[in-house]
Amino acid sequence: MRRRGRSAVALAVLALMGTTLTAAPAPAAAPGADSRPAIMLNGNWPGWQKDVLGTRFNPAEKKITQSTVGNLKLKWAFVFPDIDGANGSQPAVVDGVLYVGSRDSKFYALDAVTGATKWVFDRTPIAGPSDVNNPNPSRSGPAVSGNLVVFGDNRGYLYALNKETGALVWQRRLSDHPATVVTSSSLIFNGKVYVGVSSSEEQYAANDQYPCCTFRGQLVSLDLNTGAVVWRHYTMPPAVQVGTTPDGVARYESSGAAVWGSPVIEPISRTVYFATGNNYTGAGGDGDTVVAVNADTGALRWKQQMTESDSWTVGCLLPTPKPNCEGLEDGTNLDYDFGATPNIFYANNRLLVGIGQKSGIYHTFDARTGQVVWQQQLSIPQPNGGKSGIQWGSSYDGRRLYVATWEANPGTLFALNPATGAIQWTTPNPSNGCSTGGAVAFPDNCHLAHISAVTTTPGLVYEGSTDGKFRVYNSNTGAVLWSYDTVRTFTGVNGETGSGGSVSGNGGAVVANGMVYVQSGYYNFYGIPGRVLLAFGL
């Protein structure tokens with residue numbers, strides 16, 4: 001029987017991953033020029049997803065290998081201001097410059113090799129003052145395209161800066177709802193920006209005097225050059241008042257389905273894939289749903305709701321009586337939302353899109369139809385918080401999918417067969433993670449858990465832990481090849497002193513041009529606080 005050839009889509013997917021690309025030789029430096037190795041374009045990490053397919057895989061990394069990774073050393077640290085004890089903006093690295101947001105309304109451009117500050121942009125005049133009790137962090141990772149760098153913040157603004165100077169090109173608040181935040185990292189494709197809109201209304205709902213709830217999630221497409229909105233795809237109809245509480249406070253339905261994670265795009269069919277969070281109130285809408293839309297118009301192509309009923313707010317975590325937790329009555333206070341970004345990959349002559357959920361399941365769909373192809377349960381679901389499942393994102397290196405679970409007793413790193421979901425190897429968070437190193441001083445904050453997204457380069461998997469250790473694994477076996485304890489005090493290249501903590505969420509390691517960058521420190525509620533960006537090299 002004649003062997004079936006790869007389709008045009010398959011070849012496009014492979015090319016976008018860099019599978020068929022090779023790095024050009026670096027040109028010789030001119031006399032008197034910077035003697036550092038030339039930065040090659042395909043070694044960059046320009047956005048949270050690394051590429052439009054969401055692989056979180058850098059195929060161009062040739063310096064850091066299984067044989068050299070043991071020689072990684074800390075090259076520099078950058079210490080952020082002490083606000084809320086958490087980092088969450090995954091850096092982007094392009095042509096020797098690192099771009100990253102902070103919790104103090106600042107956005108930084110740093111020399112990727114030395115950590116020296118190139119410029120700083122202050123968001124305060126636009127989004128209002130920030131203080132310890134009311135911080136305005138940038139939790140989203142920036143995306144770089146052409147001469148622009150794009151990022152969002154916790155007041156719901158999206159910004160585009162000149163990447164050379166830090167000058168503001170445009171800004172736009174993505175929703176008029178007062179609880180709007182942007183945790184989704186932008187994806188840039190063909191002159192358009194695609195970004196999800198999320199909300200802090202889940203937290204507002206802990207106050208029983210708050211009129212809960214009216215936010216509705218959305219994915220927005222904007223013009224890259226102007227910030228003009230091209231289209232919006234809402235995940236929830238407008239909320240309507242359905243009565244009052246016994247205290248006379250207005251109640252609304254339906255609400256929620258925030259878009260916490262970042263989108264991906266299949267460029268041949270021009271389809272955008274993203275996923276949503278849980279409902280806050282009421283039934284209906286697209287809570288806990290994987291969605292495919294037309295990249296040009298936002299029109300729905302397909303959707304699959306993976307948890308039909310999931311009504312949850314922070315009120316569900318409070319002692320009884322629980323304000324604004326309607327899911328408590330029927331047991332649907334699960335919090336099994338999607339915070340992760342999808343992966344697009346090709347297996348068995350079929351284009352697939354996969355994503356992990358806080359229910360502990362990694363779901364895989366036919367990218368064209370939305371039909372479920374396979375599902376793999378990686379942890380036991382933990383209702384009312386969803387912390388046992390898959391939090392931010394997974395990686396695909398052309399051979400395997402790599403998925404990490406959060407507080408799954410312990411959190412575990414998995415390698416999966418992309419065609420079937422079969423588990424090829426597992427590596428639990430080392431059992432001594434909280435009894436060794438700096439974590440010993442934080443017994444109430446340390447967990448054997450993975451809260452950050454997974455990253456890969458050829459032969460290697462990078463994943464941090466709530467125990468404060470940042471580890472690199474053999475992608476073939478799952479063996480730990482290198483580890484670094486980030487729970488210690490650092491003196492930054494910016495002259496500040498501060499501590500590391502849990503390897504933070506909202507992103508993961510960035511590997512670019514022979515360097516590895518990772519944020520250390522996360523919310524006290526979830527792990528060990530800290531406030532440093534660390535850069536490693538050979």
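Let me start with Asp-335 and Lys-358, whose side chains meet in a salt bridge with 3.0 Å between N and O, a salt bridge being a side-chain nitrogen of Lys or Arg within 4 Å of a carboxyl oxygen of Asp or Glu. This pair links distant parts of the chain, since Asp-335 sits in the loop between α4 (327-330) and β23 (343-347) while Lys-358 sits in the loop between β24 (350-356) and β25 (361-366), 23 residues apart. Asp-335 counts as buried because its relative accessibility is 5%, and Lys-358 counts as buried at 7%; here buried means under 20% relative accessible area, exposed means over 50%, and partly exposed is in between, with a 1.4 Å probe and protein chains only.

Before I go on, please keep in mind that this is a predicted model, in which local features need pLDDT of at least 70 and side-chain atom pairs count only at pLDDT 80 or more, whereas totals for chains, interfaces and linings use all residues. Residues are numbered from 1 along each chain as its sequence is written, and side-chain values use heavy atoms, with hydrogens and water left out.

A second pair to look at is Lys-387 and Glu-407, whose side chains form a salt bridge at 3.8 Å, N to O.

Now, what do salt bridges with shared partners join together? They join Arg-251, Glu-253 and Glu-326 into one network. Within it, Arg-251 bridges to Glu-253 with the closest N and O atoms 3.7 Å apart; Arg-251 counts as partly exposed because its relative accessibility is 26%, and Glu-253 is likewise partly exposed at 26%.

Turning to the whole structure, there are 13 salt bridges, and 62% of the 538 residues in the chain are buried. The secondary structure comes to four helices and 39 strands, where helices (H or I, at least four residues) and strands (E, at least two) are DSSP runs numbered from the N terminus.
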